[in-house]
There are 2 protein chains.
Amino acid sequence: MPPLSSPAFSYTLQHTDPATGARVGRWRTPHGTIETPAFMPVGTIGSVKGLTPDQLRQAGVEMVLANTYHLALRPGPDVVAELGGLHRFMGWDGPILTDSGGFQVFSLAKLTRLDDQQVVFRSHIDGTQLELSPERAIQIQEQLGADCVMCLDECPPHDVPPDRLREAVDRTTRWAQRCRDAQRRDDQALFGIVQGGTNRLLRERSAAALLPMEFPGYAVGGLSVGESPEHMYATLDWTVPLLPGDKPRYLMGVGRPVDLVEAVLRGVDLFDCVLPTRNGRNGMGFTRAGPVRLRNLVYQRDDRPIDPACDCPVCRQFSRAYLRHLFLVNEMLGPTLLSWHNLAYYQTLLAELRQAIRENRAQEFRTVQLAGWGDNL
Amino acid sequence: MPPLSSPAFSYTLQHTDPATGARVGRWRTPHGTIETPAFMPVGTIGSVKGLTPDQLRQAGVEMVLANTYHLALRPGPDVVAELGGLHRFMGWDGPILTDSGGFQVFSLAKLTRLDDQQVVFRSHIDGTQLELSPERAIQIQEQLGADCVMCLDECPPHDVPPDRLREAVDRTTRWAQRCRDAQRRDDQALFGIVQGGTNRLLRERSAAALLPMEFPGYAVGGLSVGESPEHMYATLDWTVPLLPGDKPRYLMGVGRPVDLVEAVLRGVDLFDCVLPTRNGRNGMGFTRAGPVRLRNLVYQRDDRPIDPACDCPVCRQFSRAYLRHLFLVNEMLGPTLLSWHNLAYYQTLLAELRQAIRENRAQEFRTVQLAGWGDNL
């Protein structure tokens, strides 16, 4: 078990908005400092689909997420370790966060057996039977070498009965302690994950059990898994105040621009989501007036950039008409350019939101953004 | 008919290697000056697959080619013209060359009727019946607005009987005059295309008929269509000396690195080929030691760049092992990165060849390159 507070990390809370829970901070990691609230694009199998590290930088990205489950299957953690770790492998020298693999084991793989010791599952690639335990999840993440790593948690579907959800919460607590005990590297911040679905008592139970373990940061898991936005926001209303104010708070797998704003106003610091890149690959661009679907005929001769108010490398150079053309003829540059813009849109949204928080305008910022998006979230 | 020599263009022959036909020059166009010999990547439907204009610049690309046939079908020349022309549409402010569409009509589309007036064909996309005449080929290329445009030529298969080949040569001559007469813009260099397959008499016949039309540049068409490299080089031996020395000479659709070197030593100035990008998309990287097939297991833990002697943005940042991983997991960044390296490899090869020509070392350069590639061309 490493020292409870490592010199490699520090979170500095810089300002809290007096009218909301929104806050800005700086989170120092071994590979650089992140301004929070921050959004991490998802580099599932060791690349943010279609984008180079330079393009991520140009979009304003400071930190990326990679999926332990996918990297454990291919190319395997030993290969990544032998090649100098994930930063060098991906060519990304900024901070990286890896998840524990748990979410994919419970959603993507075929579960074979789940008990306290471990989860046994079959790979979604070739059906190979594999096992994941808290100790193994930490070991793999230490081989990958991200700056921030996650405890293995049990991720049940959002509609399981309360008894089953409570079991998952308690197993997540026991696994968290085992992850804590298994950690050997002191240059990785290990986050605990609060579970409990949309059940207030279970969220309180989960947080109360995890806080004494004094993780250097806490994640809120088990949201954006099918519940309504209102349930998600209500859950954050109860849950975020349970987390320590002097450590970063990470809302896993969220979400739409509106979700980011709502969650930041409730005190969340860190996000990841496939939405900007996945939707970008499918022809949907995010803008200040809501999403645009670029395959639409109305853009055939539209000389404007994707978002006329955007200053990203894509909007400075290419028209909606060109993007539409690329998607219609299946040119891979289309998905690349639109993913790039979407990431820049997310980064700009958060940069502007950070500025609004510093100026005690978070609530007003939310109102203006919502008005711009209209019903088109 | 525009003035025979437009002030928008000039070709300056700078140096000719005394031992070979190799020459270096500078070709000025409305969108910039190209150092020749030069290689143009192919941006078929208005994008060099997977690469941004910035990435092309970083690879050393000075001029790109786009296909009139593909752009005429989608998005259509009127759309491109309305959006300000191909340069603005693609976001590429350097020189562009468009072909006439003829090659694709004769190879990709389904021919319906061919006579002196025009060629009637069915689109390979949806079977629509379309027509292409010399006048229409020029009109479309004027709408696209490239710096360099090509006469419509008849492109028969390489194994047609001599009588049929002679017919194609003579039709190409008649069409060249009609293209010349149809041209209205004076900011586009219209090239004549010498045809004649691997038949020396027909090549002489074609060149003799086209030269009096005083095109600002000449292309050699009808090669790299199935004949052996030896036949192609022999044809260049006869054909290139027929072309004016004070104008650029363009070998269409060629080719492998070895073909570029052999053709430059025979006096060719300009090339285009899909090989670096198409092979890049398929996992084949060009190197000074010949091609590497990056899916191969031997690269699983290979920390070296694609080509250890290469200084391109890809080789400075990524390992063979990472590239292999991207191809094995079908991440689109793999095709992008390998296409990018391959283009940089081609550009560096030509830059080094230009330097060798300036120093009267072209023959030696060829020997060294061939030794590096070995049998692995």
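Let's start with one pair: the side chains of A:D78 and B:R301 meet in a salt bridge, 2.9 Å from N to O. By salt bridge I mean a side-chain nitrogen of Lys or Arg within 4 Å of a carboxyl oxygen of Asp or Glu. Between chain A and chain B the count is 8 salt bridges.

Quick housekeeping. This is a predicted model, where local features need pLDDT of at least 70 and side-chain atom pairs count only at pLDDT 80 or more, while totals for chains, interfaces and linings use all residues. Residues are numbered from 1 along each chain as its sequence is written, chains are lettered from A and ligands numbered from 1 in the order in which they are written, and side-chain values use heavy atoms, with hydrogens and water left out.

Now, the interface as a whole. Chain A puts in 41 residues and chain B puts in 41 residues, with contact meaning heavy atoms within 4.5 Å. The buried area comes to about 3,500 Å², and carbon and sulfur atoms give 55% of that. That's the accessible area, with a 1.4 Å probe, that two parts lose on being put together, summed over both. On the chain A side, A:R301, A:E331 and A:M332 lose the most area to chain B, together 18% of what that side buries.

On to the rings. How many aromatic pairs does a search of the whole structure find? Over all chains, 18. Rings of Phe, Tyr and Trp (its six-membered ring) pair if their centres lie within 6.5 Å; planes under 30 degrees apart are stacked, over 60 edge-to-face, and the rest tilted.

Take A:F89 and B:Y322: the ring centres are 4.9 Å apart and the planes sit at 80°, so this one is edge-to-face. A:F89 lies in helix 4 of chain A and B:Y322 in helix 12 of chain B, residues 320-328, so the pair joins two chains. Helices here are DSSP runs (H or I, at least four residues), strands likewise (E, at least two), numbered from the N terminus. Both A:F89 and B:Y322 are buried, and buried means under 20% relative accessible area, with exposed over 50% and partly exposed in between (1.4 Å probe, protein chains only).

Then there's B:F39 with B:Y346, a tilted pair at 4.7 Å centre to centre and 55° between the planes. B:F39 is buried at 1% relative accessibility, and B:Y346 is buried at 0%.

Last one: over in chain A, ring pairs link A:F39, A:F286, A:Y345 and A:Y346 into a cluster.
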